[in-house]
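Try each task before you read its solution.

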Amino acid sequence: MISYLLQQLLNGLSLGGAYALIAIGYTMVYGILRMINFAHGDEFMMAGYFMIFSLAVFPWYFAIPFVILCTIVLGVVIERVAYKPLRNAPRMSVMISAIGISYLLQNLANYLFTAMPQSYPQIDILKHVYTFGNISVSRVTIIAPVLTIVLTFLLIMLVNHTKLGMAMRACSKDQETARIMGIKVDNIITTTFVIGCGLAAVGSILYFTDRNTVQPYSGSLPGLKCFVAAVIGGIGNIQGAVIGGFIVGICQIVITAMGYSVFSDAFTFALLVLILIFRPSGLFGEKAVQKV
């Protein structure tokens with residue numbers, strides 16, 4: 001019984017790590033632009049397709065950086081084409097644009113790759129299985145939470161202890177004042193998308209390695225769950241997004257292991273409702289202070 005619980009906990013940490021990396025993208029974009037990039041889950045889905053075709057040509061140690069690069073390029077193009085022209089538009093316009101890009105990516109993938117699930121290639125270095133007594137875990141299950149914590153630590157160091165991070169924090173507070181101070185706000189926003197999409201690509205590799213198939217709507221539900229994770233942790237808070245990702249991942253695996261898999265998705269959104277009722281700013285969000 002203990003070994004079974006430990007096995008499920010490891011699986012939950014692995015899934016939570018993938019969710020956390022994707023949730024960071026939501027929370028960083030919101031932190032600077034005050035918008036929700038609803039296309040982020042579909043960028044994660046496209047990263048899955050990029051890996052399918054990359055591993056058909058390159059060995060894994062070339063394919064992984066190539067997939068991360070392609071996902072970053074996709075995110076930057078979306079930001080420049082769909083979001084930058086609406087920089088001074090009402091937030092509702094930007095949100096509608098993000099939803100439109102989401103459906104565009106889904107239908108583009110449907111047209112290019114068909115609606116049939118495509119087999120995700122096996123990356124041998126990640127699929128190696130370790131056995132400890134009654135517990136069997138793949139290498140990706142161990143790597144996912146560790147890699148998530150390491151990348152989160154590096155990102156927090158970047159945000160808190162570099163000039164780039166200082167510029168990002170300034171833009172999140174007041175973009176107009178940041179411009180007056182000489183900060184190139186558009187470049188900072190692009191950098192934010194670069195970081196978010198890069199982490200989404202890594203999360204995609206960790207997620208699809210254990211799930212084996214990709215289809216055009218693979219990013220819809222995981223994307224929503226990662227958004228929920230960001231809100232639970234406190235949208236705009238990096239540490240909160242990571243902890244929210246682990247909470248959602250562990251809860252999903254535990255509920256599935258208990259035999260209630262049909263309710264695992266519903267529980268995620270029920271948890272969101274409870275958090276919004278009792279802690280609207282999220283677990284680690286700051287209360288907004290209105291100055292008069």
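**Exercise 1.** In which loop does Asn212 lie?

*Solution.* First, a word on what you're looking at: this is a predicted model, where local features need pLDDT of at least 70, side-chain atom pairs count only at pLDDT 80 or more, and totals for chains, interfaces and linings use all residues. Residues are numbered from 1 along each chain as its sequence is written, and side-chain values use heavy atoms, with hydrogens and water left out.

Step 1: helices (H or I, at least four residues) and strands (E, at least two) are DSSP runs, numbered from the N terminus. Step 2: Asn212 sits in the loop between α9 and β4 (213–214). Step 3: look at the backbone, where Asn212 shows a positive phi of about 70° although it is not a glycine.

**Exercise 2.** Find where Arg34 is, then say whether Arg34 and Asn212 are buried, partly exposed or exposed.

*Solution.* Step 1: Arg34 belongs to the loop between α1 (2–33) and α2 (40–54). Its phi is near 55°, again positive in a residue other than glycine.

Step 2: recall the cut-offs: buried is under 20% relative accessible area, exposed is over 50%, and partly exposed is in between (1.4 Å probe, protein chains only). Step 3: Arg34 has a relative accessible area of 33%, so it is partly exposed. Asn212, at 39% relative accessibility, therefore counts as partly exposed too.

**Exercise 3.** Work out which residues pair up with Arg87 in the salt bridges at 2.9 Å and 3.2 Å.

*Solution.* Step 1: the rule asks for a side-chain nitrogen of Lys or Arg within 4 Å of a carboxyl oxygen of Asp or Glu. That rule gives 5 salt bridges.

Step 1: Glu79 bridges to Arg87 at 2.9 Å, N to O, and both of these residues are buried. Arg87 has 19% relative accessibility, so it falls in that class.

Step 2: Asp186 also bridges to Arg87, at 3.2 Å, N to O. This pair ties together distant parts of the chain: Asp186 is in helix α9 (residues 185–211), while Arg87 is in the loop between α3 (60–83) and α4 (91–113), 99 residues apart.

**Exercise 4.** Which residues do the shared partners join into one network?

*Solution.* Step 2: Asp186 makes a salt bridge with Arg179 at 3.9 Å, N to O. Arg179 has 35% relative accessibility, so it is partly exposed.

Step 1: follow the shared partners, and you get one network made of Glu79, Arg80, Arg87, Arg179 and Asp186.
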